[in-house]
Amino acid sequence: MAKHELSVKGVALAFAVVWAGWYAACALLFLIAPTFAISLFNYFFHGIDLTIIAKTGMDIGSVVIGLVVSVIFAYASGAVFAALYNKLSK
């Protein structure tokens, strides 16, 4: 089977777009049903009780900054993933 290299920019952009969608869904869930969202995310953190540290309400500035910062990290993660994949698959 022929090996194909991944496009570093393409994978990075895909990671960023997918992450932005997850981030937006999370923010929307927290806006619509904060108690449910906190309960749901408690399961992700293996016993850490997020209700103790959860803030009530959402600050749109924090949501936008969180989105921008996390999308930058997702883009960088996608780029690193594709570059490593290309290097290690040879």
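Predicted model: local features only at pLDDT ≥ 70, side-chain atom pairs only at ≥ 80, totals over all residues.
Local features rest on residues with pLDDT of at least 70 and side-chain atom pairs on pLDDT 80 or more, whereas totals for chains, interfaces and linings use all residues. Residues are numbered from 1 along each chain as its sequence is written, and side-chain values use heavy atoms, with hydrogens and water left out.

**View 1. Crossing of helix 1 and helix 3.** Helix 1 spans residues 8-32 and helix 3 spans residues 60-88; helices are DSSP runs (H or I, at least four residues) numbered from the N terminus. Their axes come within 7 Å and cross at roughly 145°. Each axis is a line fitted to C-alpha atoms over the stretch in contact, and angles run from 0 to 180 degrees between N-to-C directions. The crossing is right-handed, that is, the near helix is turned clockwise from the far one by less than a right angle. By class, the contact of helix 1 with helix 3 has 19 nonpolar, six polar and one charged residues. Ala, Val, Leu, Ile, Met, Phe, Trp, Tyr, Cys and Pro count as nonpolar, Asp, Glu, Lys and Arg as charged, and the others, Gly among them, as polar.

View 2. A16 lies in helix 1 and is buried, with a relative accessible area of 6%. Buried means under 20% relative accessible area, exposed over 50%, and partly exposed in between (1.4 Å probe, protein chains only). A16 and V71 are 55 residues apart in sequence, yet 5.1 Å apart from C-alpha to C-alpha. S70, in helix 3, is also buried, at 16% relative accessibility.

**View 3. Lining of the largest pocket.** The pocket has a volume of about 860 Å³. It is lined by 24 residues, of which Y23, C26, A27, F30 and F41 lie nearest its centre. Helix 1, helix 2 (34-44) and helix 3 each supply at least two lining residues; helix 1 gives the most, with eight. By class, the lining has 19 nonpolar, three polar and two charged residues. A pocket is an open set of points on a 1 Å grid over the protein atoms alone, where a 1.4 Å probe fits, with protein on both sides within 12 Å along at least five of seven lines; lining residues have an atom within 4 Å of a point. Points are joined across faces, edges and corners, and the volume is the space filled by probe spheres set on them.

**View 4. T35 in helix 2.** T35 counts as exposed, at 62% relative accessibility. T35 and A54 are 19 residues apart in sequence and 9.7 Å apart in space, C-alpha to C-alpha.
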